[in-house]
Amino acid sequence: MYTLKSIKEVLSKSLPVILLYFLSFSSFESLKQFPNLVLFSFNFHMIIIYFYILKFPEYLGIGHIFVAGIINDVVIGTPLGSSSLSFLIMCFFTTYIKNVTLRSKMSAEWFTFIPAIFFSNLVFFVIINNFSNLSFYYIELLTNSFFTFLFFPVFYFLFVNYQKQFKND
Amino acid sequence: MSDSRDDFIIAIRYSLLKKGTKQKFSLFFLIIFSIFIVVLDKLTIPPIGFIKTTLKDVVYRVTVIASSPGKFILYTGSKAKEHFNIYDENRVLREEIEVLKKNEFDNSFLKTENKNLKMALGLEAIQDTEEGSATVAKVIIDQESPFLKSIIINKGTKHNISKGMTVFSKKYLIGTVIESNYLSSRVLLITDLNSKIPTIIEDSDINIILTGNGNKNDFILEYLPDDYQLQPNKIIFTSGKGGFLKTGMPVAETYLNKKNEVKVKSLTDPQQASIVRVTKGQFRN
């Protein structure tokens, strides 16, 4: 009984890591997975990384982010290391925001997500353009970034409520 | 001014070098390591190539398992939809059979006429130039990506699949092998922006390049003359220019969309292919 309880606890604390790996392996493109239902996608990786590095960095190691990025590259067919670098730039930007912010507010964090997405995507585009022959669907990527930004508050509240169960840690 | 600049540098240095609680690596180290991997990936060194293909094979296998719950949900949904549409589909298929029967008679007449005319002109029948036989492969991953419209098949270098081979679903061209690992390969679909096929439009002598646009219902026709008026319901065939593909393979067709614009769509949905045939050159039915 005790073992089961401890396994459950470990699993629930590792949710962001599990989710990140699952998204990378399944190349999950959020709501776009359902054909003829919704015509947009958002980058769930970015939301998880930004939120957890900003609010609960002890629950999401950057080593995991790096490995998840490599897996993501293999699955989606982009040059190895490009997603990792993009995610790590997101981490760097988020850590910087965390360091210079005195009083955190959801709205402020939401708006600082824009430059974080911008720099992260910029690094990704630069790598793809210089290290591969791939062409972009620029409009699709722009929509993807926009909806990533738009959906952030929804997941912010979901994750904040989820993390409340570990507030004694 | 100087203080604020110092604060900025300190904040950046702190973000890059400070290891947080339970963090084993510093951000700086991982960023440098990622750049190193990107550069290594670009270089074609044999040991790196071996590690890359092994890593890809392993990841693809895990991806098959990870994407199976999602696939199952989609499969159940599509089956339910098919069940509800079965009566309408039956009626449409009956009508199509009638049209096809008529076309079959026309085709056999044209075939005979063509043969007689060739005999009269003294031309020999053109031989097919297919090199080797087709390898049948199963699509293991068909997840869409915003960067690359591709699928992963379960055959690789072990089964003599190499980069550049063409891939067919049923009898329609759907893509080209762009990456070949030991047990799996990645196929770039014709719907991808990077796919460019030399083609010709039915009832015309206009050579064009059929380019993907990420959507099976919206191909781009490059080098189409400005004064040429594209007509709906015309089949687009491979022109065989460049010698890569056989001439006359149907790839796409023109159609009228809801806004009454003539667009080009593929004859088959490459993303829906489950069993494909991989050949060195052309597919012979």
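Reader: Hi! Which residue stands opposite B:T199?

Author: Hello! That is B:T238, which lies in β9(B). Keep in mind as we go that this is a predicted model.

Reader: Good to know. How many bridges join strand β6 of chain B to strand β9 of chain B?

Author: There are 3 bridges between β6 (residues 196-201) and β9 (residues 235-238) of chain B, and the two strands run antiparallel.

Reader: And what is the order of the strands in the sheet?

Author: Reading across, it goes β8-β7-β6-β9-β10-β11 in chain B. Those 6 strands make an open sheet with antiparallel pairing.

Reader: Which are the edge strands?

Author: β8 (220-222) and β11 (262-266) of chain B, since each of them pairs on one side only.

Reader: Let's look at the loops. Where is B:D203?

Author: You'll find B:D203 in the loop between β6 and β7 (207-211) of chain B. Its phi is near 60°, which is a positive value in a residue other than glycine.

Reader: Is B:D203 buried or exposed, and why?

Author: B:D203 is exposed, because it has 9 other C-beta atoms within 10 Å, and a residue with 12 or fewer counts as exposed.

Reader: What about B:N260, where is that one found?

Author: B:N260 sits in the loop between β10 (250-256) and β11 of chain B. Phi of B:N260 is near 60°, again a positive value in a residue other than glycine. With 7 C-beta neighbours inside 10 Å, B:N260 counts as exposed.

Reader: Now chain A, please! At what angle do helix α2 and helix α4 of chain A pack?

Author: Helix α2 (residues 15-26) and helix α4 (residues 62-76) of chain A pack at about 15°, with their axes 8 Å apart. That makes α2(A) roughly parallel to α4(A), because angles under 35 degrees count as roughly parallel. The crossing of the two is right-handed.

Reader: Which residues make that contact?

Author: From α2(A) come A:V17, A:L20, A:Y21, A:S24 and A:F25. From α4(A) come A:H64, A:I65, A:A68, A:I71, A:N72 and A:V75. Together, the residues of this contact divide into 8 nonpolar, 3 polar and no charged.

Reader: One last pair: at what angle do α3 and α5 of chain A cross?

Author: Helix α3 (residues 44-55) and helix α5 (residues 82-100) of chain A cross at roughly 35°, and their axes come within 9 Å. α3(A) passes α5(A) in a right-handed crossing.

Reader: And which residues meet there?

Author: In α3(A) they are A:H45, A:M46, A:I49, A:Y50, A:I53 and A:L54. These meet A:F87, A:M90, A:C91, A:T94, A:T95, A:I97 and A:K98 in α5(A). The residues of the contact of α3(A) with α5(A) divide into 9 nonpolar, 3 polar and 1 charged.

Note on methods: Residues are numbered from 1 along each chain as its sequence is written. Chains are lettered from A and ligands numbered from 1 in the order in which they are written. This is a predicted model: local features need pLDDT of at least 70, side-chain atom pairs count only at pLDDT 80 or more; totals for chains, interfaces and linings use all residues. Two strands pair if DSSP finds at least two bridges between them. Helices (H or I, at least four residues) and strands (E, at least two) are DSSP runs, numbered from the N terminus. A residue is buried if 20 or more other C-beta atoms lie within 10 Å of its own, exposed if 12 or fewer, and partly exposed in between; C-beta atoms are placed from the backbone. Axes are lines fitted to C-alpha atoms, for helices over the stretch in contact, and angles run from 0 to 180 degrees between N-to-C directions. Angles under 35 degrees count as roughly parallel, over 145 as roughly antiparallel, 65 to 115 as roughly perpendicular and the rest as oblique. A crossing is left-handed if the near helix is turned anticlockwise from the far one by less than a right angle, and right-handed if clockwise. Two residues are in contact if their C-beta atoms, placed from the backbone, lie within 7 Å. Ala, Val, Leu, Ile, Met, Phe, Trp, Tyr, Cys and Pro count as nonpolar, Asp, Glu, Lys and Arg as charged, and the others, Gly among them, as polar.
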